[in-house]
Amino acid sequence: MQREDIERLRERVSCAVALEQAGFEIDLKESTRRAVKFRRGGDIIIVTHEGRGWFDPLSDRKGDVFALIGFLQPGDFRAALTAVGALAGVQPLHRRPRTSRGTAADITERWSARPLLRRGARAHDYLSRMRAIPRPVLQRAIDGRLIRQGPSGSAWFAHQDNDGRISGWEERGPVWRGFSTGGAKTLFRFGNSAGGRLCVTEAAIDALSLSALEGRRADTLYASTAGGWSPATESAVTLLAGALDLVVAATDRNSQGEAYADKLRQIASRQDCGFQRLRPIAGDWNEDLQQGRE
């Protein structure tokens, strides 16, 4: 078979089809448009790139449909080629999750239906033990009703608009990460909104981690963009910068973090507000926190 034929098969055969043929079923509740979760017993595979890619959240395995077939049916490339060829033209059975934006009432209802984070829950264990976030910091977030328990031991971190209404939530857990389907990214806010100092991170876990590393400063509002930069996010940061003394770009130590820092620097300049770039020693603040505890 020529390379062009192999590339054509790679484009035509969805990883979802290979998983369905192997007995996996879609988990619609924990899937998004860009990441569709499949389960078979204790096995989990996330399908990405419109069915052209996949990864195993419990290991470092990932790749295209040929790599997936090799993972599901160990053998040489010729065997994988034959198996993929047999699936050509077969369409996935599952329906894609809805992508329409939910109403404000629906978002609020779904958020309220989940219990607040509590000690002893899997999500609490994930944050305190695996992510090394101190319990006093978690308790402050719980008291602020900012974290709820999601499925599969995940934690949900509230995103609020400028009026304090829930607009969506970040979802983080040992085998799952994403953002609420139908929700809108604004800001996760933790700390003192009138303290004069705003620290913007890329993830809620990083916001909590930086708060712990800084000794829970009383003059600071720690915020997270959930790894995105929507118009609503920019509006929220701009409004805060206009009322505070200092904007701190506490984004990750990588090119994306620098790009976000530039956006924050521009907002601070427009709002005649002080600006500071604060970089973690490792890749992000939670890595710094975990290394510090170790």
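Start with the aromatic rings: this predicted model holds 5 aromatic pairs. Select Trp54 and Phe71, whose rings form a stacked pair, with 5.5 Å from centre to centre and 15° between the planes. This pair links distant parts of the chain, since Trp54 belongs to strand E4 (residues 53-55) while Phe71 belongs to helix H3 (residues 65-72), 17 residues apart. With the surface displayed, compare the two partners: Trp54 is buried, at a relative accessible area of 4%, whereas Phe71 is partly exposed, at 28%.

Next, select Trp111 and Trp169, an aromatic pair that is tilted, with the centres 5.8 Å apart and the planes at 35°. Here too the pair links distant parts of the chain, with Trp111 in helix H5 (residues 104-113) and Trp169 in strand E8 (residues 166-172), 58 residues apart. Trp111 counts as buried because its relative accessibility of 4% is under 20%, and Trp169, at 0%, is likewise buried.

The last stop is Ala83, which lies in helix H4 (residues 77-86). Is Ala83 buried or exposed? Its relative accessible area is 17%, so Ala83 is buried, the limit being under 20%. Leaving aside residues up to four places away in sequence, Ala83 touches Ile69 and Gln73. Finally, select Phe66 as well, and draw the C-alpha to C-alpha distance from Ala83, which is 8.8 Å for two residues that are 17 apart in sequence.

Key. Residues are numbered from 1 along each chain as its sequence is written. This is a predicted model: local features need pLDDT of at least 70, side-chain atom pairs count only at pLDDT 80 or more; totals for chains, interfaces and linings use all residues. Side-chain values use heavy atoms; hydrogens and water are left out. Helices (H or I, at least four residues) and strands (E, at least two) are DSSP runs, numbered from the N terminus. Buried means under 20% relative accessible area, exposed over 50%, partly exposed in between (1.4 Å probe, protein chains only). Contact means heavy atoms within 4.5 Å. Rings of Phe, Tyr and Trp (its six-membered ring) pair if their centres lie within 6.5 Å; planes under 30 degrees apart count as stacked, over 60 as edge-to-face and the rest as tilted.
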